[in-house]
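User: Please go through this structure with me and set each assignment against the definition behind it.

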Amino acid sequence: MNKSTPPAPTRDIKVIVNAGLQRRHAAERRFRAYGLLAVTLGLAFVVLMFANIIGKGYPAFWQTYIELPVTFDPAVIDPEGHRDPKALENADYAVLVRASLRKLFPQVEGRRDLRELYQLVSSNAPFRLRSEVLNNPALIGAEQPIWVLASANVDTFVKGNIDRTLDESLRPLKDQEIVWIDQLQASGQINQRFNTILFSNGDSREPEQAGIRGALMGSFYTLLVTFLLTFPIGVATAVYLEEFAPKNRWTDIIEVNINNLAAVPSIVFGLLGLAVFINFFGLPRSAPLVGGLVLSLMTLPVIIIAGRAALTSVPPSIREAALGMGASKLQMVGHHVLPLAMPGMLTGSIIGMARALGESAPLLMIGMVAFIVDIPKGLMDPATVLPVQIYLWADLPERAFVERTSAAIMVLLAFMIVMNGLAIILRKRFERRW
Amino acid sequence: MSTMTVEVKAAVNNTLNAEVRQNPLSSAQITDYDHRQTVGKITVDHPKMTCRNVNVYYGEKHAIRQVSLDIGANEVIAFIGPSGCGKSTVLRCLNRMNDTIPICRVAGEIRLDQDDIYDKSIDVVQLRARVGMVFQKPNPFPKSIYENVAYGPRIHGMVDGKAEMDELVRASLERAGLLKEVENRLNEPGTSLSGGQQQRLCIARAIAVNPEVILMDEPCSALDPIATAKIEELIDELRENYTIVIVTHSMQQAARVSQRTAYFHLGDLIEIGETDQIFTNPKHKLTEDYITGRFG
């Protein structure tokens, strides 16, 4: 053999590779195991979170009612006997509620015990009777069983969230109240129904009368303003920056700043809104209009960035085809590029809106954190939004508010899931048709 | 073979920067690569477009040098040359598609009939209506076949009413030889057609606005031989009414469809002449090397 020939390395290579092979595979297996572990852990926490929220929140969708044998005493409701609607409206129905409770439990005597007895039903029971009478004045003089809302404590007890074995001083219900509730349950005069109040009422100090309607409408108006502002402005900005603006240092600076704006803490936008919209322009506090303006500032960068990405993903061949036909630049964009980019832009907008829906911090700064009972009817009415309502309820100690907090979170999450699902469907549906 | 290509390219590169333009030689004497003066007759009797001393710069890069040529009315002229030689760039100057590239700058004079197309008084929209373009990759709009063809006439406001538009769409498809195949599915998306049909749809779209010149940038490079044959046949028919400039990588195609051929090399127009002459009796060494397959 010739000395100058280098030693044939083939066998060595095989050995060397084989020696390291096991180590390489082991590294790969380890990495996969880490990934799997991380995914499993993440999923476990998601399941835990959902189980916790749903477990706490689902009783809030049910509400306890008590059947009262109400005597619609004409002497109380309409002493004059004219059936004057005004008189009917102003009558003291609480007297009737108290009378029917006494009729249920004739053995109860003494001011203190009676007061506890009267607290079995919600403070809105008299209003319930009033609306019955106003709807059907023929009831006056009759005796009719009426289901009225139970108080929050009764509701909590019936749902099994108050431990009867605890010492009397440690629970919100006295021993005798528990006896009464047991009696009512035995006679079938307590039942649970789907909680429509949660969806039809605004906020309230009484948990059994508190609902998310006000917050939902507040969120709706706020997001309406946000969408009407951000979508057209965001799309137009993206189109201008991507298709028309000259590429120079100024547009570079603008681009960098838009990207940075997307990362600014949202509470800063709240401060800005407070300083500019409320203090400078004198817009009302707590108004969905201001909330929408603030959230628009926050959402715009997201939509612009998503819009530009969608525009860049439109293939240049389509632009050339349009320009080659003699389309002007705006025609090229309007007829061809924008329709193709629209699904991406809509997806970005929906995700931006979902983020705006879940935002609370900037709205705290502009006063959308107030206790508002009335359901807002327009952009200028004082309102709060769903996440802020959750924040407000989470502060309250009553057990009934705990479950309503979780219920409101469930509603919020449902909206989030629907919005994100919509974004995914849009993306899939219109994905790359060229 | 490959080593030879490398050598030739190296030789060309070495001489690229040398200033050799001052020394025009008669065409018979040309033997070396130094000379970059265009060989052949650049003028024709009835020019549709004339280019004089066209230079194109991409930023710092001088991509096209001193190109002068005429494009005759109702002729098919083929631009050939190796990749990166600038033939597509010259083509895109003819309807100012290079305007879309921000760093691109065009100097020199290009006239369509008597109008200087880079003059301020010429609107690029009007120019592109007069000089249509068909691209390398079929690029129908993601709309219906009908809408694809109707688009140009619609934006230019060329027709009144639906009936007239229907007629124009059908006539354009007919002239592009596509009508029979798509007659019953005019409302289906243009992207649902085969590659060859798509390209003919793009041609139909281009001729719907009745341009004077049609530019074709390697129109068959993405097509199979059968579709290519159909397009070539179509080009031959279209010559009656239009002036056609075609960029192609296929020398057979250039030989088949064109009357005149221009050979580009690294930004220079090396040789131009009757297609028969270029392919049978090239006067420049570079042209000969290219068409005999020694590089490119």
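Predicted model: local features only at pLDDT ≥ 70, side-chain atom pairs only at ≥ 80, totals over all residues.

Analyst: Residues are numbered from 1 along each chain as its sequence is written, and chains are lettered from A in the order in which they are written.

User: What makes β2 and β3 of chain A edge strands?

Analyst: Strands (DSSP runs of E, at least two residues) are numbered from the N terminus, and two of them pair if DSSP finds at least two bridges between them. In chain A the open sheet has the order β2-β1-β3 with antiparallel pairing, and β2 (143-149) and β3 (190-194) each pair on one side only.

User: How do you know where the domains of chain A lie, and how many residues link them by contact?

Analyst: The bounds, which come from an automatic or database domain assignment, are 59-195 for domain 1 and 213-429 for domain 2 of chain A. Their C-alpha centres lie 46 Å apart, yet seven residues of domain 1 are in contact with seven of domain 2, contact meaning C-beta atoms, placed from the backbone, within 7 Å.

User: Which helix of chain A gives the largest share of the side that touches chain B?

Analyst: The contact takes 16 residues from chain A and 20 residues from chain B, and α14(A) gives the largest share of the chain A side, six residues.

Terms used:
Contact = placed C-beta atoms within 7 Å. Helix = DSSP H or I, 4+ residues; strand = E, 2+ residues; numbered from the N terminus.
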